[in-house]
Protein chains: 2
Amino acid sequence: MTVGADTPSDLEISRAARLLPITEIARRASIPDAALEPYGRYKAKVDPALLPESPARGRVVLVTAMSPTPAGEGKSTVTVGLADALQRAGENVMIALREPSLGPVLGMKGGATGGGYSQVVPMEDINLHFTGDFHAITAANNALAALVDNHIFQGNQLGLDPRRITIKRVMDMNDRALRDIVIGLGGPAQGVPRQDGFDITVASEVMAVFCLARNLSDLSDRLSRITVGYTYDRRPVTVADLGAQGAMTLLLRDAVKPNLVQTLAGTPALVHGGPFANIAHGCNSVIATATARRLAGVVVTEAGFGADLGAEKYLDIKARVADVAPAAVVVVATVRALKMHGGIPKSDLAAENLPALQAGTVNLHRHLENIRRFGINPVVAVNRFITDTEAELRWLIDWCAEEGVTAAVADVWAQGGGGPGGDDLAAAVLRALEQPSDFRFLYPDELPVAEKISTVAREIYGAADVEFSPPARRRLQEIEERGLEHLPVCMAKTPYSFTDDPTVLGAPAGFTLHVRDLIIKTGAGFVVALTGAVMTMPGLPRNPAALRMDVAADGTPSGLI
Amino acid sequence: MTVGADTPSDLEISRAARLLPITEIARRASIPDAALEPYGRYKAKVDPALLPESPARGRVVLVTAMSPTPAGEGKSTVTVGLADALQRAGENVMIALREPSLGPVLGMKGGATGGGYSQVVPMEDINLHFTGDFHAITAANNALAALVDNHIFQGNQLGLDPRRITIKRVMDMNDRALRDIVIGLGGPAQGVPRQDGFDITVASEVMAVFCLARNLSDLSDRLSRITVGYTYDRRPVTVADLGAQGAMTLLLRDAVKPNLVQTLAGTPALVHGGPFANIAHGCNSVIATATARRLAGVVVTEAGFGADLGAEKYLDIKARVADVAPAAVVVVATVRALKMHGGIPKSDLAAENLPALQAGTVNLHRHLENIRRFGINPVVAVNRFITDTEAELRWLIDWCAEEGVTAAVADVWAQGGGGPGGDDLAAAVLRALEQPSDFRFLYPDELPVAEKISTVAREIYGAADVEFSPPARRRLQEIEERGLEHLPVCMAKTPYSFTDDPTVLGAPAGFTLHVRDLIIKTGAGFVVALTGAVMTMPGLPRNPAALRMDVAADGTPSGLI
């Protein structure tokens with residue numbers, strides 16, 4: 001793998017590829033014509049209700065990672081490359097991935113569909129509007145917000161306290177100026193003034209609901225249960241109290257059907273839904289994963305951030321809602337990230353450093369132990385970067401062997417999973433799938449919410465103690481009073497550290513986790529525990545990616561990374 | 001035509017219809033497979049660049065109306081019914097229509113795709129997200145807004161005055177609480193506070209630009225020229241100064257391709273773009289009309305509001321940008337509207353009243369005269385309503401004959417244009433198309449903007465005088481200084497009256513038109529003259545249509561009217 005002036009960008013690789021018609025991808029995935037709704041030539045929606053009746057047999061491989069670093073570990077790239085390699089090994093495989101959010105694409109990232117020769121394509125379509133799902137979610141959320149403020153304006157029969165509205169309007173955009181705003185100004189004809197703000201669409205509860213719903217009825221039920229705010233006498237008001245769930249579900253009617261695309265190697269991929277991995281659970285939709293399980297023998301999917309956040313939520317939230325528990329979990333690690341957790345600054349990561357690599361394995365070790373807590377044997381995928389030396393890679397593979405964990409180097413960015421770069425990893429995963437697994441949740445439903453948080457903090461993060469702030473304690477009381485103790489918890493914590501301090505790397509222990517507030521998401525069906533600051537509306541950087549984007553007269557795009 | 005408890009709703013009629021696959025509609029319209037991008041089974045985008053080279057030969061029939069009343073005149077219904085009837089008469093016909101805005105659909109209207117048996121379908125798709133064009137326009141506009149505020153936040157190199165930003169964020173929603181807001185609150189890390197507001201998407205200049213662009217390059221050029229605000233020393237700042245046109249055009253790359261659907265009778269229709277008819281020009285996209293002219297012998301299209309606004313703008317703005325001048329203009333009139341202009345209140349319109357009908361013809365008479373000023377012979381379509389008596393209809397047709405204007409009763413709501421209800425109108429239009437027309441603009445480019453406004457006011461509205469407010473006079477000075485006198489004018493006036501007072505019906509004369517301000521739209525390429533209050537962000541009514549909408553577990557929608 002070499003990166004130089006001649007290295008093509010992800011967009012160039014995507015556009016140079018010869019894609020198969022989406023009808024051909026559907027045929028390979030045994031999706032009948034009746035269930036396929038093409039969106040152009042290379043994208044389609046799949047209607048699960050029109051697929052042949054078949055049990056969900058596909059074994060799920062969940063791709064997660066050690067604690068990420070700002071350098072990026074390439075989890076999506078490994079997900080795509082592994083699936084391609086499994087297909088190359090003769091497996092009937094399908095990918096289930098999140099859809100990218102437009103805001104970060106215009107801001108910093110350029111794209112989020114894998115990289116190099118391990119991408120889902122067409123990348124420019126998937127990264128921009130795709131099939132409009134996020135726009136539909138934005139519209140459903142904002143229709144609700146408009147109905148809430150209209151209700152207050154038209155007499156406020158429900159007695160909603162304008163200071164205690166808990167939903168926000170959303171936009172799929174990085175727009176810091178909308179974080180804190182005052183709306184309803186201009187006098188009695190324009191509305192009722194109140195303090196408000198916009199979140200990015202992927203941070204909305206509607207997005208979380210969308211991704212946890214099993215079907216259209218379940219979607220409607222969950223939307224109905226979203227708490228929109230509180231009355232003057234502190235009673236919660238839901239979407240059902242307003243009667244808005246019908247219009248919201250109608251606006252999401254087509255969006256809930258998973259989107260079919262392909263990898264560069266022609267592997268079918270369902271790319272659908274994309275909730276934040278901090279204040280939500282960070283996985284693609286339940287409907288996509290469940291549909292993939294009906295269509296393929298192996299389903300490769302991904303969870304956001306590191307295993308302490310993404311995988312924990314996949315296993316304790318998503319797998320509680322639907323039958324999608326993984327048969328194997330792949331933990332992506334990189335030599336660079338391990339050296340950083342071993343105490344080396346980002347600027348020095350290029351030089352070989354075996355002692356730092358060794359020191360950093362404490363982080364990977366804890367993630368592997370954590371996966372075993374769920375009764376699943378982990379597989380380590382070492383995602384190869386250009387700066388890795390042979391000695392480092394060999395040392396790391398040997399370390400994994402001593403740990404008793406299956407491991408393989410993956411060179412899928414440069415070679416693509418369609419080439420041999422993913423063969424070792426595919427073989428390792430297939431071996432793991434042959435071993436028995438005994439999946440169990442970390443905690444039972446009936447454990448009170450405070451103890452659920454404490455369980456995650458101690459067993460997964462290594463904390464000695466959990467401290468709840470006064471607002472968090474008031475919410476715990478509300479949870480008890482409203483009979484919501486059965487809900488699972490969704491931890492909002494920095495992904496960079498097991499603690500709530502992003503600068504504490506490695507495998508810290510004995511610390512106190514600070515829970516500053518809780519958010520009760522009655523629609524999504526979980527309680528968010530906020531530790532540290534959580535940004536729900538990102539801003540644009542000084543030099544936004546958007547200013548480098550363009551499109552030629554013939555429609556050829558440029559500037560997507 | 002009878003309306004009763006058993007009368008099916010537009011949604012019921014649409015869903016009961018057996019639609020042809022969109023590939024079959026494309027085949028009938030001679031659209032090759034290569035140029036067709038299906039969006040599901042019954043919608044597709046057409047790429048004009050991939051159509052066979054062919055001159056734009058189709059003769060345009062523009063459907064407009066007398067001054068509308070709150071009762072509704074059924075212009076879209078007549079447009080669809082006329083096209084179906086022309087197809088029935090053996091013509092190779094295509095419709096070009098505006099896309100509905102989601103905001104009013106959720107608010108008051110329920111739908112905007114024709115009515116009864118003269119609809120474009122599938123109505124629930126077209127009325128909800130359709131192919132995502134308005135979402136793309138929203139995203140392009142809001143990306144620009146985020147880039148503007150980010151520019152100010154990141155050091156404001158261009159020296160933009162936060163009090164003089166002229167673009168607003170938009171949402172395709174009726175949300176009165178967003179009309180007047182303050183953004184950028186929360187301290188130095190969150191932005192720079194300023195007074196702002198949201199418009200509905202269809203009121204944005206990006207929408208107007210989208211609908212006037214001839215192709216992707218022209219779109220990029222027009223977007224570049226949009227004025228986003230002024231510097232502290234009052235110099236205009238454009239999208240090109242920020243460098244945002246590339247990303248904006250990229251976000252609109254797919255949206256600019258016209259959308260193909262069908263009528264209930266199987267007539268192909270391009271439904272594309274939908275700017276406001278007050279602060280913009282109120283017609284579907286130039287690209288759709290021009291594409292239809294390449295594909296069909298007759299193109300039936302529509303302009304918003306009455307002929308004084310919609311048709312005047314079609315002829316003086318849209319036809320100046322592209323070769324789309326109509327060969328015939330159909331003026332829709334109703335017995336009910338004529339009686340209302342004859343002085344009868346809405347509650348008494350059901351009773352036969354020939355004197356009121358006669359009195360009301362002054363309104364229709366002026367519209368017919370106005371069309372003749374453009375060198376085109378008008379055709380009157382009397383859109384039949386259930387309360388019309390035979391005597392009233394006969395009297396009106398006779399009156400038209402005395403006026404020397406071709407006229408026909410259209411009964412297309414109840415019968416559909418596929419039945420005989422539109423035959424007379426189709427025959428009348430075909431006769432009009434055989435007559436020579438000699439199209440001319442109302443005013444030349446080189447007339448100064450103030451005199452253009454005066455020309456429209458005197459010749460079309462019947463005003464004696466135009467009064468410019470002090471702010472409007474300052475803008476006239478700016479127009480002169482910036483060298484923009486060549487731009488056409490886009491009048492923002494109440495559609496209900498020839499004056500700027502919506503209560504003055506009939507054919508008033510000798511009045512003064514008050515221009516309270518001008519908006520210079522350098523991207524769209526026109527100057528908006530504001531007369532009276534113009535609402536650019538509607539509100540929801542007390543009982544929003546959204547609260548009656550639902551969708552069944554199998555996806556069947558309800559509550560769209």
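## Salt bridges between the chains

How many salt bridges does the rule find across the interface of chain B and chain A? In this predicted model, the count across that interface is 6 salt bridges. One of the pairings between the two chains is that of B:R253 with A:D125, whose side chains meet at 3.4 Å, N to O. Side chains of opposite charge can pair when their charged atoms come close.

## The interface of chain B and chain A

The contact draws 72 residues from chain B and 72 residues from chain A. Together the two chains bury about 5800 Å², and 61% of this area lies on carbon and sulfur atoms. B:R176, B:L250 and B:R253 contribute 11% of the area that chain B buries against chain A, more than any other three residues.

Polar contacts between chain B and chain A amount to 33 residue pairs. Helix α6 (residues 133-153) of chain B provides 10 residues, the largest share of the side of chain B that touches chain A. By class, that side consists of 40 nonpolar, 17 polar and 15 charged residues.

## Symmetry of the two copies

Two copies of a chain are related by a rotation about an axis and a shift along it.

## Helix α8 of chain B

Why is helix α8 (residues 216-225) of chain B described as largely enclosed by the rest of the structure? The description holds because 7 of its 10 residues are buried. These buried residues are B:L216, B:D218, B:L219, B:S220, B:R222, B:L223 and B:S224.

The buried residues of α8(B) pack against elements of both chains: β25 (550-551) of chain A, and α7 (205-212), β13 (236-238), α9 (239-242), α10 (245-251) and α12 (307-321) of chain B. At the start of α8(B), a side-chain oxygen of B:N215 comes to within 3.1 Å of the backbone nitrogen of B:S217.

## Salt bridges within chain B

Over all chains, the rule gives 68 salt bridges. One of them joins the side chains of B:R194 and B:D196 at 3.6 Å, N to O. Both partners are buried: B:R194 has a relative accessible area of 7%, and B:D196 one of 9%.

An α-helix has 3.6 residues a turn, so residues three or four places apart point the same way. In helix α12 of chain B, B:D316 and B:R320 lie 4 residues apart, about one turn of the helix. Their salt bridge brings the closest N and O atoms to 3.2 Å, and B:D316 is buried at 0% relative accessibility.

Helix α19 (residues 470-481) of chain B contains B:R475 and B:E478, which are 3 residues apart. This pair forms a salt bridge with its closest N and O atoms 2.7 Å apart. B:R475 is partly exposed, at 27% relative accessibility, whereas B:E478 is buried, at 12%.

## The surroundings of B:T77

B:T77 lies in helix α3 (residues 75-88) of chain B and is buried, with a relative accessible area of 8%. Its side chain reaches the backbone nitrogen of B:G115 at 3.1 Å. Leaving aside residues up to four places away in sequence, B:T77 touches B:G114, B:G115, B:S118, B:V412 and B:W413.

Terms used:
Residues are numbered from 1 along each chain as its sequence is written. Chains are lettered from A and ligands numbered from 1 in the order in which they are written. This is a predicted model: local features need pLDDT of at least 70, side-chain atom pairs count only at pLDDT 80 or more; totals for chains, interfaces and linings use all residues. Side-chain values use heavy atoms; hydrogens and water are left out. Helices (H or I, at least four residues) and strands (E, at least two) are DSSP runs, numbered from the N terminus. Buried means under 20% relative accessible area, exposed over 50%, partly exposed in between (1.4 Å probe, protein chains only). A polar contact is a pair of N or O atoms within 3.5 Å; within protein, one must be able to donate a hydrogen and the other to accept it, and residues adjacent in sequence count only if both atoms are side-chain atoms. Contact means heavy atoms within 4.5 Å. Buried area is the accessible area (1.4 Å probe) that two parts lose on being put together, summed over both. A salt bridge is a side-chain nitrogen of Lys or Arg within 4 Å of a carboxyl oxygen of Asp or Glu. Ala, Val, Leu, Ile, Met, Phe, Trp, Tyr, Cys and Pro count as nonpolar, Asp, Glu, Lys and Arg as charged, and the others, Gly among them, as polar.
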